[in-house]
Amino acid sequence: MKNDNWQNEWAYNKYWVMSKSQRMYDKIRLMSKNNKWSEEKNQEFQNDIQSLEKVKPTKETLTNVYQHIWGYFKKICTDSERKEYLRLVECLEPANDKLGPFLKNMTYKYQIKYLMDSRIIKEMRK
């Protein structure tokens with residue numbers, strides 16, 4: 001896989017991986033250090049992604065990834081959006097996630113292309 005393809009693949013999966021496993025996120029980030037990519041690393045990356053398919057996010061992993069995603073909005077959102085974010089993060093439950101759909105709506109409202117192209121947003125229910 002060419003380097004730019006790898007970078008696009010990682011950009012697509014990054015927050016999705018983080019939502020499932022901080023340890024795996026750190027591992028992949030380390031693998032990609034210095035932008036040195038190889039077929040072996042690509043196979044390992046694909047295996048890592050596959051291994052996460054059935055992993056359910058926890059309250060901790062979701063809180064972490066949503067804080068990263070919120071970073072795109074915190075300087076441009078309205079006061080009521082900020083209050084709603086704080087309320088939703090306070091009562092976040094993976095089994096009944098209302099914060100993810102809220103952030104998905106914010107992504108499209110503010111047209112954050114990087115997030116619109118990310119797996120976590122694309123696969124999130126409304």
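Which residues in α4 meet which residues in α6? In this predicted model, where local features need pLDDT of at least 70 and side-chain atom pairs count only at pLDDT 80 or more, totals for chains, interfaces and linings use all residues. Residues are numbered from 1 along each chain as its sequence is written, and side-chain values use heavy atoms, with hydrogens and water left out.

On the α4 side, Tyr66, Ile69 and Trp70 meet Leu99, Gly100, Phe102, Leu103 and Met106 of α6, contact meaning heavy atoms within 4.5 Å. Helices here are DSSP runs (H or I, at least four residues; strands are E, at least two), numbered from the N terminus. By class, this contact holds seven nonpolar residues, one polar and no charged; Ala, Val, Leu, Ile, Met, Phe, Trp, Tyr, Cys and Pro count as nonpolar, Asp, Glu, Lys and Arg as charged, and the others, Gly among them, as polar. The axes of α4 and α6 lie 11 Å apart, at an angle of about 20°. Axes are lines fitted to C-alpha atoms, for helices over the stretch in contact, and angles run from 0 to 180 degrees between N-to-C directions. The pair α4 and α6 is therefore roughly parallel (under 35 degrees; over 145 is roughly antiparallel, 65 to 115 roughly perpendicular and the rest oblique). The crossing of α4 and α6 is left-handed, that is, the near helix is turned anticlockwise from the far one by less than a right angle, clockwise being right-handed.

Helix α4 also packs against α5 (residues 79-90), where the axes come within 11 Å and cross at roughly 165°. That angle makes α4 roughly antiparallel to α5. The crossing is again described as left-handed. From α4, Lys59, Thr63, Tyr66, Gln67 and Trp70 take part, and from α5, Glu81, Arg82, Tyr85, Val89 and Glu90. This contact of α4 with α5 has four nonpolar, two polar and four charged residues.

Turning to the open space, the largest pocket has a volume of about 440 Å³. On a 1 Å grid over the protein atoms alone, a pocket is an open set of points with protein on both sides within 12 Å along at least five of seven lines, whereas a cavity is a set where a 1.4 Å probe fits but cannot get out; lining residues have an atom within 4 Å of a point. Grid points are joined across faces, edges and corners, and a volume is the space filled by probe spheres set on the points. The lining has 18 residues, with Pro57, Leu62, Tyr66, Asp97 and Glu123 nearest the pocket centre.
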